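The report below is meant for a reader meeting this structure for the first time.

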Amino acid sequence: MFTLAEVASLNDIQPTYRILKPWWDVFMDYLAVVMLMVAIFAGTMQLTKDQVVCLPVLQSAVNSKAQPGTSGRADFTTVETTTGQGEEASMRTVSFGSAPTVTPDVPLSRATSSQYQPTESGQELKKEQKDSSGRKTNLDFQQYVFINQMCYHLALPWYSKYFPYLVLIHTIILIVSSNFWFKYPKTCSKIEHFVSILGKCFESPWTTKALSETACEDSEENKQRLTGAQSLPKYVSTSSDEGSPSASTPMITKSGFKFSADKPMIEVPSVTILDKKDGEQAKALFEKVRKFRAHVEDSDLIYKLYVGQTVIKTVKFIFILCYTANFVNTISFEHICNPKVEHLIGYTQFECTHNMAYMLKKLLISYISLICVYGFICLYTLFWLFRIPLKEYSFEKVREESSFSDIPDVKNDFAFLLHMVDQYDQLYSKRFGVFLSEVSENKLREISLNHEWTFEKLRQHVSRNAQDKQELHLFMLSGVPDAVFDLTDLDVLKLELIPEAKIPAKISQMTNLQELHLCHCPAKVEQTAFSFLRDHLRCLHVKFTDVAEIPAWVYLLKNLRELYLIGNLNSENNKMIGLESLRELRHLKILHVKSNLTKIPPNITDVAPHLTKLVIHNDGTKLVVLNSLKKMTNVAELELQNCELERIPHAIFSLSNLQELDLKSNSIRTIEEIISFQHLKRLTCLKLWHNKIVNIPSSITHIKNLESLYLSNNKLESLPAAVFSLQKLRCLDVSYNSIALIPAEIGSLQNLQHFHITGNKIDILPKQLFKCVKLRTLSLGQNCITSIPDKVSQLLQLTHLELKGNCLDRLPATLGQCQLLRKSGLVVEDHLFDALPSEVKEVLNQDTSIPFANGI
């Protein structure tokens with residue numbers, strides 16, 4: 001037997017899936033239950049009461065001869081006697097052939113005694129025989145039972161015997177067909193998941209909050225409709241607020257409804273506040289809906305299965321109706337039976353009555369009526385299935401009624417399930433659509449973000465950068481917290497990997513903000529916020545993957561001074577530079593481009609007349625076309641790094657105002673063109689580091705005003721005397737070459753303050769080096785130096801001395817006379833420092849800083 005718990009679990013299935021059962025499925029389920037009851041009722045009655053009763057059919061000739069009898073006495077005699085005082089007893093003696101039979105209700109003794117009682121008179125006996133009636137059959141009780149059983153199987157039609165069982169089988173097939181899509185392994189998991197998600201979405205507090213604007217809008221419209229046109233000016237609400245917000249308007253600042261003071265609207269505080277637990281649950285629902293949609297939308301198995309089972313039920317209905325209608329008239333009360341057992345009973349034909357015929361016929365008619373109704377519903381279901389495209393579902397109505405205009409249309413099984421839910425209640429789809437909207441998800445993220453990132457927490461993340469400015473760096477957030485714009489003393493704001501960043505009008509209160517970083521962050525701004533940024537922003541860093549990610553408002557910041565662009569600016573196989581015009585940036589002074597350009601974009605030349613610094617980091621892509629440089633007449637600093645340049649571009653020689661040139665990390669082998677730098681009267685800094693330069697031409701002496709020369713990480717083997725004729729040279733960097741000797745002419749560089757020759761093959765330091773008394777930095781590490789002359793004490797302004805990586809045995813004690821040198825500025829092996837005299841170590845370990853003259 002089934003336990004109560006097992007039966008209860010079966011009953012739980014119906015409430016779970018009720019939202020996916022339209023009215024016709026529910027109606028057909030009830031019809032199936034009624035048909036099942038009809039089958040059980042008919043089967044029960046047939047098992048308990050179904051039988052036939054048969055009597056033999058006598059020939060007319062036999063019946064006519066049977067009246068007088070052949071044995072000289074009555075065939076059917078009834079004798080009534082009275083015994084005792086008023087006591088009556090009846091006895092009926094029926095004679096079959098020659099053997100008398102006594103009815104069971106009469107005792108055998110009485111029947112026997114009364115058999116031999118003499119009649120009182122012959123007239124009475126004749127009268128009794130005349131009044132009695134009967135049919136001579138010559139059959140006993142067992143023979144009747146035998147005939148009834150024989151005729152039940154021979155004379156009774158098969159449909160009368162098996163009708164209840166057929167109804168039961170048909171009904172079970174229909175029930176299985178109706179619920180097969182709920183149990184099929186490849187569909188039940190999707191259905192269970194969908195029902196679970198749908199229920200959570202329906203009950204989620206976020207759904208109520210997201211739809212609250214629509215509810216307020218509806219109530220507002222109703223109130224306006226009731227109060228009349230005179231109340232319209234009191235409310236600021238337009239139909240444009242109902243649609244999708246513009247791209248330039250952040251979602252967090254949209255307020256389409258303002259209520260008057262004299263007629264306050266009813267507010268629902270429960271939907272204005274979303275606690276952290278509800279917010280996390282809603283975010284999990286968004287992720288579940290996204291994954292479920294990706295899993296279900298790619299197939300239409302559920303739709304096909306439902307169509308298939310509906311077709312099966314329709315075919316089953318037609319089949320049942322066709323063959324059942326033919327058997328209605330076969331269920332009859334009277335039947336003729338020819339058992340062909342005449343040798344046993346002496347009769348060939350019997351008339352039989354089927355006692356259940358009337359009831360079975362009524363039940364069959366009822367069953368046919370139910371089947372007809374069931375069939376009409378199946379036909380209606382097929383009409384509904386093919387009347388509209390159920391594999392497509394549009395949220396157009398929901399988009400019109402709510403503020404979420406981005407709810408996407410769905411297809412295949414996802415669409416079919418939503419169509420089925422609409423038959424139960426369209427409110428489910430409306431609330432479910434909230435979790436398909438990116439706008440809704442972004443709103444949720446903003447609310448959760450503002451709960452997490454409070455003003456106090458943001459204040460803890462503010463730090464001081466190298467320029468001693470207050471800086472806040474936000475990384476991988478879902479949006480920009482509102483509390484950020486309350487940090488009014490912030491100087492630098494960095495937004496990195498925030499795809500839904502929105503800058504509201506509140507940024508106008510950040511009066512100290514002058515630098516903004518947008519790293520993979522295509523921020524949207526309000527009109528008021530843009531006006532503030534246009535007037536106050538001075539430095540902007542934009543890092544992107546594709547040029548389309550650069551916000552359009554960047555090109556309209558007329559007061560921008562510095563612009564840093566890092567990303568791919570080439571498109572369509574380098575045939576077109578996808579960069580908007582920079583012509584509106586009238587005050588732009590510094591342009592830093594880190595990309596993969598093959599030519600300088602023409603749009604950059606739009607701001608060429610007023611650019612003072614241009615930096616191009618090309619990430620190894622060869623920069624071919626450089627003619628545009630000639631237009632940048634005011635450029636004072638030019639950096640062309642990692643551009644695969646093999647020679648110094650001739651276009652550079654036209655930049656008369658150039659002061660600093662950096663050609664780092666190229667493929668320059670020779671710098672013979674350096675003679676043309678004599679036209680660049682203002683050139684003071686030349687950086688040719690990280691190239692493949694083998695020698696320095698003597699024409700370098702023509703750069704009279706050169707103050708800094710960087711030639712590190714090249715292939716130099718010697719330093720020509722021409723270098724030391726640059727009397728204004730203050731910084732010389734020839735580190736990491738193959739130089740074996742420092743020429744004595746170095747002593748002529750009286751203004752030299754920084755000398756770097758680390759990573760070469762120097763073994764002896766010339767005494768003339770220590771005539772450069774203005775040296776502050778001397779880097780001699782990773783060479784072959786064996787000793788340091790005592791004349792190092794002449795370098796009174798020395799603050800940094802690098803000797804690590806040489807072959808030194810000791811350090812000169814005269815290091816103590818270098819007044820500005822401290823241990824932190826002395827880079828040597830520990831054992832060399834420990835070998836110094838104690839008084840020298842005490843001097844080097846002093847923490848007090850002595851003022852010194854400023855250098856570069």
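Gln-470 lies in strand β10, which covers residues 470–475; strands (E, at least two residues) and helices (H or I, at least four) are DSSP runs numbered from the N terminus. This is a predicted model, in which local features need pLDDT of at least 70 and side-chain atom pairs count only at pLDDT 80 or more, while totals for chains, interfaces and linings use all residues. Residues are numbered from 1 along each chain as its sequence is written, and side-chain values use heavy atoms, with hydrogens and water left out.

With a relative accessible area of 14%, Gln-470 is buried, a term that means under 20% relative accessible area, whereas exposed means over 50% and partly exposed lies in between (1.4 Å probe, protein chains only). Leaving out residues up to four places away in sequence, Gln-470 touches Arg-459, Val-462, Ser-463, Arg-464, Asp-489, Leu-490, Asp-491 and Val-492, where contact means heavy atoms within 4.5 Å. With one of these residues, Asp-489, the side chain of Gln-470 makes a polar contact of 3.3 Å; such a contact is a pair of N or O atoms within 3.5 Å, and within protein one must be able to donate a hydrogen and the other to accept it, with residues adjacent in sequence counting only if both atoms are side-chain atoms.

Two helices can be set side by side; the expected span is 1.5 Å times one less than the number of residues.

| Helix | Residues | Length | End-to-end C-alpha distance | Expected span |
|---|---|---|---|---|
| α7 | 141–154 | 14 residues | 20 Å | 20 Å |

In α12, the buried residues are Asp-278, Gly-279, Ala-282, Leu-285, Phe-286, Val-289, Phe-292 and Val-296. Because they cover an arc of only 150° around the axis, they lie on the same side of α12, the arc being that of the directions from the helix axis to the C-beta atoms. On the other side of α12, Lys-276, Lys-277, Lys-291 and Ala-294 are exposed. An α-helix has 3.6 residues a turn, so residues three or four places apart point the same way.

In α7, Ile-147, Asn-148, Cys-151 and Tyr-152 are buried; their arc around the axis is only 135°, which puts them on the same side of α7. Gln-142, His-153 and Leu-154 are exposed on the other side of α7. The cover over the buried residues of α7 includes α3 (23–49), β1 (52–56) and α8 (158–183).

The largest nonpolar core has 133 residues, of which Phe-677 and Phe-755 touch the most other members; a nonpolar core is a set of buried Ala, Val, Leu, Ile, Met, Phe, Trp, Tyr and Cys residues joined through side-chain atoms within 4.5 Å. Helix α21 (residues 527–536) gives the most to this core, with four residues.

Over the whole protein, the secondary structure comes to 23 helices and 29 strands, and buried residues make up 45% of the 856 residues.
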